[in-house]
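Okay, everyone, thanks for coming. I've got one structure for you today, so let me put it up and we'll walk through it together.

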Amino acid sequence: MNPIIEAYNRVNEFGQEHGLTLKVISTGHVEYRMELLKKHEALPEYTHGGLIAGVADQILGAAALTVSSEDNKQVATLDLQIQFLNAAHTGKIIVGSGYVTKAGKNIIFARGEIREEGSDEMIATATGTFKTYPRPEKP
């Protein structure tokens with residue numbers, strides 16, 4: 001795995017706190033898995049939309065990072081748009097896929113979707129814009 005992606009996994013407190021597992025499919029394409037727990041609920045049996053939005057940012061940002069890291073750069077979110085389509089249920093595993101749609105020298109665009117594992121029904125779709133910046137000497 002790319003050293004920048006490895007460092008990102010090591011220091012990503014949000015991902016660690018919520019049990020997100022990253023799989024890099026290819027440059028510009030990632031997948032995350034996460035179990036939805038009671039602590040993620042907004043209402044009994046329903047996951048808070050803010051958590052789903054945070055996961056969407058993780059998915060898109062990681063997809064962008066697979067591209068920017070090839071130039072020894074990191075990314076920061078400039079814009080995140082999310083469309084909630086269905087509820088996310090406690091106890092289920094969600095799978096999020098992120099894809100880079102266009103990468104320029106300093107800006108990367110990505111899209112993604114989140115589903116319950118084993119279902120074709122989407123929970124949310126998202127698009128994001130990311131700014132690349134030089135990687136600090138020590139993450």
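Look at Ser-97: leaving out residues up to four places away in sequence, it touches Val-30, Glu-31, Ile-59, Arg-111, Gly-112 and Glu-113, where touching, or contact, means heavy atoms within 4.5 Å. Ser-97 sits in strand β6, residues 93-103. Is Ser-97 buried or exposed? It's buried, at a relative accessible area of 11%; buried means under 20%, exposed over 50%, and partly exposed in between, using a 1.4 Å probe and protein chains only. Glu-13 is 84 residues away from Ser-97 along the chain, and their C-alpha atoms are 20 Å apart.

Quick caveats. This is a predicted model, so local features need pLDDT of at least 70 and side-chain atom pairs count only at pLDDT 80 or more, while totals for chains, interfaces and linings use all residues. Residues are numbered from 1 along each chain as its sequence is written, and side-chain values use heavy atoms, with hydrogens and water left out.

Now zoom out. The protein chain has 3 helices and 8 strands, and the order is α-α-β-β-β-β-α-β-β-β-β. Those are DSSP runs numbered from the N terminus: helices are H or I with at least four residues, strands E with at least two.

The C-alpha trace spans about 45 × 25 × 25 Å along its principal axes. Of the 139 residues, 40% count as buried. And of the contacts with a separation of 6 or more, 66% are between residues 24 or more positions apart.

On to the core. By nonpolar core I mean buried Ala, Val, Leu, Ile, Met, Phe, Trp, Tyr and Cys residues joined through side-chain atoms within 4.5 Å. The largest one has 29 residues, and the members touching the most others are Met-34, Ile-52, Val-55, Ile-94, Ile-114, Ile-123 and Phe-130. Elements giving two or more residues to this core are α1 (3-11), β2 (29-35), α3 (49-68), β7 (107-116) and β8 (122-134). Which element gives the largest share? That's α3, with 11 residues.

Take Phe-130 from that list: beyond its neighbours within four places, its contacts include Leu-60, Ala-64, Val-75, Leu-78 and Ile-108.

Last stop, Gln-74, in strand β5, residues 73-84. Gln-74 is buried too, with a relative accessible area of 17%. Again setting aside neighbours within four places, Gln-74 is in contact with Ile-4, Leu-65, Ser-68, Lys-131, Thr-132, Tyr-133, Arg-135 and Pro-136.
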